[in-house]
Amino acid sequence: MPDTPVLCLDCQHVEPAADAASRRCAHCRSHRLVRHAELLDLTVAHVDADAFYCSVEKRDRPELAALPVLVGGGTRGVVTAACYVARMRGVRSAMPMWQALKACPDAVVIRPDFPKYTAASRALRGLMQQLTPLVQSLSIDEAVLDMAGTEALHGAPPAAMLARLANRVERELGITISIGLAPNRLLAKLAAGLDKPRGFGVLGADARQWLAGKPVRLLPGIGPAQEKRLATRGITRLGQLQGLSAREAQALLGDDGPHLAARARGEDGRRVDPARETRSISAETTFNADLADAASLERHLWQLCEKLGGRLRDGEASAGGVVLKLKTQRFLTRTRAARLGTPTVLPERLFDAARQLLVREVDGTAFRLIGIGASPILPLQDADVADLADPSMPRRVAAQAAIDRLRDRFGKSAVQRGRALDQG
Amino acid sequence: MKLKADRATLLKALAHIQSVAEKRNTIPILANVLIVVKEGRLSLTATDMEIAVVEQIASGAVRDGATTAPAAVLYEIVRKLPDGAEVELDHSGGDAPLALRAGRYATSLNVLAVDDFPSMTTGSLPHSFRIPAPVLRGLIDRTRFAISTEETRYYLNGIYLHVAEAAAGEAGPMLRAVATDGHRLARVQTELPPGAAGMPGVIVPRKTINELRKLLDEAADDVEVALSETRIQFTVGSVMLTSKLIDGTFPEYERVIPRDNDKILRVGKKDFSDAVARVAAISQERSRPVKLSIDRNLLILSAASPDQGTAKEELDEGRVSYDSTPLEIGFQARYLNDITDQIEKDVEFAFSDSAAPTVVRDVDSPSALYVLMPMRV
């Protein structure tokens, strides 16, 4: 076996041609070594914070470190995030809370504190941006980095800089990340999942062979429905897709076929584009008891609009439209969307638009959940600009700014709009 | 029911009718046209429950009666008949199909019961006035481009027609049409027609405006307008268009029209709009701004696209006049063109600064005023 480059995750020492038999870092004796033939050449990285919400909570409450921690809401809510201790006991995110608590009765359940997570996410992003300007956030806890050409700048290959990033994140932010390094975004994402948490996965030319034996579900974008459809054609492993020519793939799998076959081979042409962040910003709540009447639904909706407005401002974004989500007693989801004339972060304007969507859905059905999201997400600077059809806009913007200032100083409940108060 | 009509007359009427008839087929009867022969006169009616159009036709009525038939199909058939053909419609009553014959062509169309055809209630229309068709056309053409399509602010989805008090320099109250989508606003007025004085301010929906505008294409005489707080009716020749009004409150637009913009730029309409079109061609993205850099008797238009490159055009002395402090301001190209399209010869811009609403006027026509929001550049 030829000698391959080795990187020490603890001291970032790089051995360009290490002895294949060495098990420890020649420098610091650490056994956290990454070994890959293309280690020093790969430039696309996927960074994924491990059990992000829970890690942030454990950082702030060290006594929870060894305990199973679930972030999520109420007895009727679902698990938003589960720490690795809880995951080992079978808890998954999106699992109903009662079910999670059955598997893990001693779990500590924490209500999500999004401003805290957003702040941690922004700090993480800041550290990543010191490595390369080409950072594209994919969600609050995931991003992809294009580090091509940065070796000259940093005097170290991307792999070493990424290992340094992971150490800095642990030291300065108190959370851990997993990193995937590969020639493209798809493989980087898959590599990041290779040995979570605190992982550092590398996929290069070996990816095709590695993918061949994997089930089709591994590819992001292949869900249960697609998996079933492929299974009816006898396809269960990615290897079966790899050999298909574009024409064969199209004949067999339809218009998406060629694309699917390419991805099964580990090919992906997407660029890292910081301007094209596919973020979703939303807020939702599951009721303690199902609700059917407009007044109660609107009261919850108002609170969510306030939350959403705050999250948009925190994320330096604005809503170009709103998406209303309702889940019925029978777990059917209804989503309704409306565009706004000018983007907004004002709770009132979000509410005006969402209420019109809600009114049409109030038909006696009992709902268990209501949510509101921003779509499309636009830059904050475009929000709530002067509007010829709304002479009161400057006043509304000023009023909200005053409310925000009071809340910053005296806490969230210092000021409430009349409509937030319970009439009952 | 039986009648005979020449193809051209019937085709013209069906053209008006079929565009109102419901195409989405949710309620089958709304896709039909109501055909009535009564006391020797033929009338055709279509409605989508928001708008109803009734057209009277002088025809060779043969036998009284009524039925309903699919508007779109009937229109297609009549359209494909040869020029000059005489069309005969014959319906024996009840569920029997409607027979259409022309020369050696014959068809038989399924009908739906007349009793199921909804009639839009009009109620009383206490206000009425007459307005010359070309004047009404002018009000519509110069405002309708600014009508909003935003569903959440439904009260912007039409033209606000109302009486405005006389301003300085005006002889008396005016009849005003206003439309805005928040980004631009168009305000056009005309002398108040006799009888319109006490009318309430009403918002006429976009679809109604578009249907009305088609009828006005062929009209030269007066249009009769009658309205209440909830309905409006236009009678154009032999066609009567009745519509519901938008139930909402139009914003207090006067508050957003700047009064003190004192940086005045004048430029020929053609020079300006051609330059905007050429400069904007660099980018297919409609929301990209065209930047106006203005200095003493100099206007530089420019646009940039990250993928395509940049473009620039200068209009200098002799073609522009400006003697205020230099200014840079950006607008969406399409919004500029929508406004200059309404202007005959010379355009006047009145700016305040690069972030404030800009007033645009037609130098030769004081009856129209436009306001445009700038974009960041």
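Predicted model: local features only at pLDDT ≥ 70, side-chain atom pairs only at ≥ 80, totals over all residues.
User: What is the accessible surface of chain B, and how much of it belongs to carbon and sulfur atoms?

Analyst: Chain B comes to about 17,300 Å², and 48% of that is carbon and sulfur. These areas come from the Shrake-Rupley method with a 1.4 Å probe; for residues, only the protein chains shown count as cover. Chain A exposes about 20,300 Å², with 52% supplied by carbon and sulfur atoms. As for bookkeeping, residues are numbered from 1 along each chain as its sequence is written, chains are lettered from A and ligands numbered from 1 in the order in which they are written, and side-chain values use heavy atoms, with hydrogens and water left out.

User: What makes D181(B) count as buried or exposed?

Analyst: Buried means under 20% relative accessible area, exposed means over 50%, and partly exposed is in between (1.4 Å probe, protein chains only). D181(B) has 10% relative accessibility, so it is buried. R184(B) has 4%, so that residue is buried too. By that rule, 54% of the 377 residues of chain B are buried, and in chain A it's 47% of 424.

User: Why is the pair D181(B) and R184(B) called a salt bridge?

Analyst: The rule asks for a side-chain nitrogen of Lys or Arg within 4 Å of a carboxyl oxygen of Asp or Glu. In D181(B) and R184(B) the closest N and O atoms are 2.8 Å apart, so the pair passes the 4 Å cut-off. In general, side chains of opposite charge can pair when their charged atoms come close.

User: Which residues are joined into one network by salt bridges that share partners?

Analyst: That would be E298(A), E348(A), D352(A), R355(A), D390(A) and R396(A). Inside it, E348(A) and R396(A) meet at 3.6 Å, N to O, which puts them within the 4 Å limit, so the label holds. The two sit 48 residues apart, E348(A) in helix α14 (residues 347–361) and R396(A) in helix α15 (residues 393–410). Both are buried. Over all chains the structure holds 56 salt bridges.

User: What makes E170(A) buried, exposed or something in between?

Analyst: Its relative accessible area is 23%, which falls between the 20% and 50% limits, so it is partly exposed. R198(A), at 35%, lands in that in-between class as well. These side chains form a salt bridge at 2.8 Å, N to O. E170(A) belongs to helix α6 (residues 158–173), while R198(A) is in the loop between α7 (185–192) and β11 (200–202), 28 residues away.

User: How many helices and strands does each chain have?

Analyst: Chain A has 15 helices and 16 strands, and chain B has 6 helices and 26 strands. Helices (H or I, at least four residues) and strands (E, at least two) are DSSP runs, numbered from the N terminus.

User: How do you know how many residues each chain brings to the contact between them?

Analyst: Contact means heavy atoms within 4.5 Å. On that basis chain B gives 19 residues and chain A gives 17. The buried area is about 1,400 Å², with 55% from carbon and sulfur atoms; this is the accessible area (1.4 Å probe) that the two parts lose on being put together, summed over both. There are 2 salt bridges between the chains, including D387(A) with R153(B) at 2.8 Å between the closest N and O atoms. The side of chain B that touches chain A divides into 8 nonpolar, 4 polar and 7 charged residues. Ala, Val, Leu, Ile, Met, Phe, Trp, Tyr, Cys and Pro count as nonpolar, Asp, Glu, Lys and Arg as charged, and the others, Gly among them, as polar.
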